[in-house]
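Please look over the model below before reading my notes.

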There are 2 protein chains.
Amino acid sequence: MSEKLSDAARDAMLGPLFETGWEMVDGRDAIRKTFKFDSFISAMGWMTQAAIWAEKWNHHPEWFNVYSKVDVVLTTHDVAGLSALDVKLARKMDSI
Amino acid sequence: MSEKLSDAARDAMLGPLFETGWEMVDGRDAIRKTFKFDSFISAMGWMTQAAIWAEKWNHHPEWFNVYSKVDVVLTTHDVAGLSALDVKLARKMDSI
């Protein structure tokens with residue numbers, strides 16, 4: 001089971017994500033990032049890889065795609081806020 | 001090249017789509033529909049098929065996914081409104 005991130009965990013885990021372009025969502029305990037690619041094919045290829053990781057970890061993004069751009073929002077509905085799973089998926093999305 | 005739908009074409013082509021759950025987007029010459037599936041795997045599988053058709057026809061959707069739900073908006077940016085390509089992709093999305 002996931003738990004909401006503690007204050008100490010937030011500093012340690014979210015700080016590095018903010019360095020790579022993630023940011024807090026206004027009014028929600030959630031993080032967001034816009035990923036840009038060189039084509040629709042690249043964007044969908046990336047989404048497909050991320051989707052398989054998401055399903056493997058049973059932790060799914062909210063995401064919006066138009067052409068070569070993907071807007072991602074991550075949060076953990078079960079805990080009504082950010083958990084370690086969001087950090088794990090965010091890192092994976094950055095690394096794909 | 002695509003052209004904006006004429007009034008006559010709208011009646012003939014959009015009418016049947018409105019019967020399957022498509023509707024006009026408020027304030028835009030665009031159509032939208034929410035597709036619901038039984039799982040994230042099914043939703044992404046459908047998106048992957050639709051994406052390949054979209055790329056083949058060089059006509060791409062705006063779409064938002066969260067878990068088993070996909071919100072789709074179709075319009076043709078080149079003509080600042082609906083064209084026959086939107087109708088073609090909408091029909092394909094319904095049929096997949």
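1. Ground rules. This is a predicted model, where local features need pLDDT of at least 70, side-chain atom pairs count only at pLDDT 80 or more, and totals for chains, interfaces and linings use all residues. Residues are numbered from 1 along each chain as written, chains are lettered from A in the order written, and side-chain values use heavy atoms, without hydrogens and water.

2. Length. Helix H2 of chain B spans residues 40-56, 17 residues in total. Helices are DSSP runs of H or I, at least four residues, numbered from the N terminus. H2(B) reaches 24 Å from first C-alpha to last, close to the 24 Å expected at 1.5 Å a residue (1.5 Å times one less than the number of residues).

3. Faces. Among the buried residues of H2(B) are B:Phe40, B:Met44, B:Trp46 and B:Met47. Buried means under 20% relative accessible area, exposed over 50%, partly exposed in between (1.4 Å probe, protein chains only). The buried residues fall within an arc of 160° seen down the axis, so they line one face. The arc uses directions from the helix axis to the C-beta atoms. On the other side, B:Ile41, B:Ile52 and B:Lys56 are exposed.

4. Symmetry. A rotation of 180° with 0.0 Å of shift along its axis superposes chain B on chain A, RMSD 0.0 Å. Copies are superposed by least squares on C-alpha atoms of residues with pLDDT of at least 70 in both. That is the relation of a two-fold axis. In chain B, the C-alpha of B:Phe64 is nearest the axis, 2.1 Å from it.

Conventions
Helices (H or I, at least four residues) and strands (E, at least two) are DSSP runs, numbered from the N terminus.
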